[in-house]
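User: Please take me through this model, point by point. I will ask as we go.

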Amino acid sequence: MSYTIKEVAQKYNLSPHTLRYYEKEGLLPFIERNEQGNRIFKDTDLEWLNLICCLRNTHMPISKIKEYVNLCIEGPETICQREDILLKHKKHIEDEIKNFNSYLEIVNNKINFYIKEQKSNICK
């Protein structure tokens with residue numbers, strides 16, 4: 001199946017400009033074009049884009065994603081390097097989750113304080 005840039009942009013909640021930028025930066029290296037020069041996205045392109053969105057949404061820099069994509073293009077001899085990139089990024093995500101969990105605990109403590117205050121004021 002194939003998709004237009006507009007369809008893909010809507011599906012991933014991205015702008016067409018962002019998709020063009022990702023292609024220009026080499027993050028979507030296999031995008032084909034039709035006779036009119038319009039980009040045609042295939043299911044395999046969407047798989048790439050799904051990974052790119054995941055990495056971007058978890059704050060991997062474009063330069064690191066580009067490095068990863070280039071290693072993928074180079075072939076199986078780069079599997080260890082690709083794994084290393086993803087393992088380091090996984091650690092980054094885990095650290096972020098820990099930070100957010102500590103922030104959540106602070107917010108929950110404050111909410112619980114307000115709940116206790118309300119109950120004590122209502123019961124007087």
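Predicted model: local features only at pLDDT ≥ 70, side-chain atom pairs only at ≥ 80, totals over all residues.

User: Cys53 and Cys80, then: buried or exposed?

Analyst: Cys53 counts as buried, at 11% relative accessibility. Cys80 is exposed, with a relative accessible area of 61%. Buried means under 20% relative accessible area, exposed means over 50%, and partly exposed lies in between, using a 1.4 Å probe and protein chains only.

User: Turning to the sheet, in what order do the strands come?

Analyst: The 3 strands form an open sheet in the order β1-β3-β2, with antiparallel pairing. β1 (2–3) and β2 (32–33) stand at the edges; each has a single partner strand, so one side of each is left without a neighbour in the sheet. Strands (E, at least two residues) and helices (H or I, at least four) are DSSP runs, numbered from the N terminus. Two strands pair if DSSP finds at least two bridges between them.

User: Which residues stand opposite one another?

Analyst: β1 is joined to β3 (residues 39–42) by 2 bridges. Tyr3 has Phe41 as its bridge partner in β3, and Ser2 stands opposite Lys42. Another 2 bridges join β2 to β3, where Arg33 stands opposite Arg39. β2 and β3 form a hairpin with 5 residues between them, and Gly37 in the turn has a positive phi of about 90°.

User: Which helix lies across β1 and β3?

Analyst: That is α3, running at about 80° to β3. Axes are lines fitted to C-alpha atoms, for helices over the stretch in contact (heavy atoms within 4.5 Å). Angles run from 0 to 180 degrees between N-to-C directions. The buried residues of α3 include Trp48, Leu49, Ile52 and Cys53.

User: What span should α3 have?

Analyst: The 15 residues of α3 should span 21 Å at 1.5 Å a residue, and the end C-alpha atoms are 21 Å apart, which agrees. The expected span is 1.5 Å times one less than the number of residues in the helix. α4 has 13 residues and reaches 18 Å from its first C-alpha to its last, close to the 18 Å expected. Ile62, Ile65 and Tyr68 are among the buried residues of α4.

User: Which residues other than glycine have a positive phi?

Analyst: Asn13 is one of them, at about 55°, and His59 is another, near 70°. Most residues other than glycine have a negative phi. Asn13 lies in the loop between α1 (5–12) and α2 (16–24) and is exposed, at 72% relative accessibility. His59 sits in the loop between α3 (43–57) and α4 (62–74); it is exposed as well, at 55%.

User: How many salt bridges are there?

Analyst: The count comes to 8 salt bridges, where each is a side-chain nitrogen of Lys or Arg within 4 Å of a carboxyl oxygen of Asp or Glu. Glu23 forms one with Arg33, with the closest N and O atoms 3.5 Å apart. This pair links distant parts of the chain, helix α2 and strand β2, with the two residues 10 apart. Glu23 is buried at 18% relative accessibility, whereas Arg33 is partly exposed at 45%. Glu23, Arg33 and Arg39 are linked in a network of salt bridges.

User: What about helix α5?

Analyst: Lys88 and Asp84 meet in a salt bridge of 3.1 Å, N to O, and both lie in α5 (residues 79–122), 4 residues apart, about one turn of the helix. Lys91 and Asp95, at 2.8 Å, are likewise 4 residues apart in α5. Lys88 is exposed at 56%, while Asp84 is partly exposed at 36%.

Methods. Residues numbered from 1 in each chain as written. Heavy atoms only, no water.
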